[in-house]
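Here are some exercises to work through with the model open on your screen. Try each task before you read its solution.

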Amino acid sequence: MEKKITIQDIAEKAKVSKSTVSRVLNNTTPVNETKKTAVLKAMEQLDFQPNVFARSLAGGQSMTIGVVTQNIGSPFYDSVIQGVISAFSGTNYFPLVVDGRWDPALESAAVRTLLSRQVDGLILIGGTLSKKQLQDLGGSKPVVLVARSLIDWEDRCIYLDNVEAGYRATKFLIELGHRDVAHITGINSQQDAKDRLAGYKQALQEAGIKFNPRLIADGDFSSQSGVLAIESLLARQVLFSAIFAANDGMACGARLALYRRGIRVPEDISIIGFDNQPAAAFQTPPLTTVAQPGSEMGAAAAQMILNQLTNDHSTIIPKFPVEIIVRETAVRRR
């Protein structure tokens, strides 16, 4: 069996005391440069690999942050995770990512699993757990929510106002002269999907357009559901000149379904999506969409967690502004 290298071995090799080696390892107090160099050289010669996890737990921290996403592989969720990873780079904190799959039971189990690994804080992207559930599960651990807002927890949330965003997207189409605007919803149980639908209805009401439930097609945020939504709308023989899709993936699916039917975008039907996924700018034609800057939101969430862990009271703006990225899939109705 390979001999485990100890602090004593390093001290003897470097010809210093064990306490000096400990100070170098933990970087707690300054060490004479000559002695520090001798310790580092001895560690390299002995091929010493410190048990970072055990050492950090001894100091009361695991130096890990649990991240619960809802769909690993989704462009939006992936961009949030990339923002989190980027923000933690160089901080000595590392994210542990698990997938809740839009399932409350799995999301709860994921949080419990991360807490059992002694994470120092939690970042939840989307999800459905209530404030009470999060408090019961997380206890005193710092918790930050991304792409979601809870009443009285706004200072722990990084979010976009989805009602306003749905309203702005629909109003944008109405101002282009479209009065028969279809809406492809997200997952009906998800608050962001509900809020985008509420914003859609608000814009219609403000414009004096009666809400028509036949113009609503259920989706699930997948591109395939966008295809099926168009097939459903066309099968109903309901007239529409524009579509507000609750995410870019469904907008892309809708565009494909219309193309297969010989219906042109934007000449016959205008489309606006949601999220401003990287691929949106490279579709044919490039997609007009509502921006939801996932990477920036993820970075802000990571910084918010770091501030809580270090008692840094720097201000993080939790609410991101709504911005419509105008490209080529939405035009004035002829």
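Predicted model: local features only at pLDDT ≥ 70, side-chain atom pairs only at ≥ 80, totals over all residues.

Residues are numbered from 1 along each chain as its sequence is written, and side-chain values use heavy atoms, with hydrogens and water left out.

**Exercise 1.** Describe how helix H8 packs on helix H9.

Step 1. H8 spans residues 162-175 and H9 residues 191-206; their axes come within 6 Å and cross at roughly 40 degrees. Axes here are lines fitted to C-alpha atoms, for helices over the stretch in contact, with angles from 0 to 180 degrees between N-to-C directions.

Step 2. H8 and H9 are therefore oblique to each other (angles under 35 degrees count as roughly parallel, over 145 as roughly antiparallel, 65 to 115 as roughly perpendicular and the rest as oblique).

Step 3. List who touches whom, with contact meaning heavy atoms within 4.5 Å. H8 contributes residues including Val 163, Tyr 167 and Ile 174, and H9 contributes residues including Ala 198, Tyr 200 and Leu 204.

Step 4. Sorted by class, this contact of H8 with H9 has seven nonpolar, five polar and five charged residues (Ala, Val, Leu, Ile, Met, Phe, Trp, Tyr, Cys and Pro count as nonpolar, Asp, Glu, Lys and Arg as charged, and the others, Gly among them, as polar).

**Exercise 2.** Is Cys 157 buried or exposed?

*Solution.* Step 1. Cys 157 has a relative accessible area of 0% and is buried (buried means under 20% relative accessible area, exposed over 50%, partly exposed in between, with a 1.4 Å probe and protein chains only).

Step 1. Compare Cys 252, which is partly exposed at 33%.

**Exercise 3.** Where is Arg 101 placed?

*Solution.* Step 1. Arg 101 lies in the loop between strand E2 (94-99) and helix H6 (104-116).

Step 1. Its relative accessibility is 61%, so Arg 101 counts as exposed.

Step 2. Leaving out residues up to four places away in sequence, Arg 101 touches Thr 69, Gln 70 and Leu 106.

Note on methods
Helix = DSSP H or I, 4+ residues; strand = E, 2+ residues; numbered from the N terminus.
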